[in-house]
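Dear colleague,

Please find below the structure that I am handing over to you.

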Amino acid sequence: KNYMIVVTKDGKLVTLDFNTKTKATEIKESKVKMADVGLGSSASVEYVTKGEKNFLTKMQFTPAKGE
């Protein structure tokens, strides 16, 4: 299953579903695959809610230290 759980600034957990059409851009402005986003990365995300699911539409991230 293609999903990720993110923690908001206020500590809330949000589950986001994604698919092959979801775009991910690393802060250094190079295109990456969703599999390149590692645990502990810092991210800014946009998502939409459809029914009871949240779908990731855009993400910019900084890899976790040590990657």
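**Findings**

Val 48 stands opposite Phe 55 in β6. The model is predicted, so local features need pLDDT of at least 70 and side-chain atom pairs count only at pLDDT 80 or more, while totals for chains, interfaces and linings use all residues. Residues are numbered from 1 along each chain as its sequence is written, and side-chain values use heavy atoms, with hydrogens and water left out.

The protein chain holds 0 helices and 6 strands (DSSP runs numbered from the N terminus: helices are H or I of at least four residues, strands E of at least two). Along the sequence, the pattern reads β-β-β-β-β-β.

Strand β5 (residues 42-50) and strand β6 (residues 53-62) run antiparallel and are joined by 9 bridges; two strands pair if DSSP finds at least two bridges between them. Their hairpin has 2 residues between the strands, and Gly 51 there takes a positive phi near 65 degrees. Lys 50 lies over the face of Phe 55, at 5.9 Å from the ring centre (the criterion is NZ of Lys or CZ of Arg within 6 Å of the ring centre and within 35 degrees of the ring normal).

Two residues of strand β6 deserve a separate description. Asn 54 belongs to strand β6 and is buried, with a relative accessible area of 17%. Here buried means under 20% relative accessible area, exposed over 50%, and partly exposed in between, with a 1.4 Å probe and protein chains only. The side chain of Asn 54 makes a polar contact with the side chain of Thr 49 at 2.8 Å, and also reaches the backbone oxygen of Thr 15 at 3.3 Å. A polar contact is a pair of N or O atoms within 3.5 Å; within protein, one must be able to donate a hydrogen and the other to accept it, and residues adjacent in sequence count only if both atoms are side-chain atoms.

Lys 53, also in strand β6, is partly exposed, with a relative accessible area of 37%. Neighbours within four places in sequence aside, Lys 53 is in contact (heavy atoms within 4.5 Å) with Lys 1, Asp 17 and Val 48. The C-alpha atoms of Lys 53 and Thr 15 are separated by 7.9 Å, although the two residues are 38 apart along the chain.

For the protein chain as a whole, buried residues make up 25% of the 67 residues.

Yours sincerely
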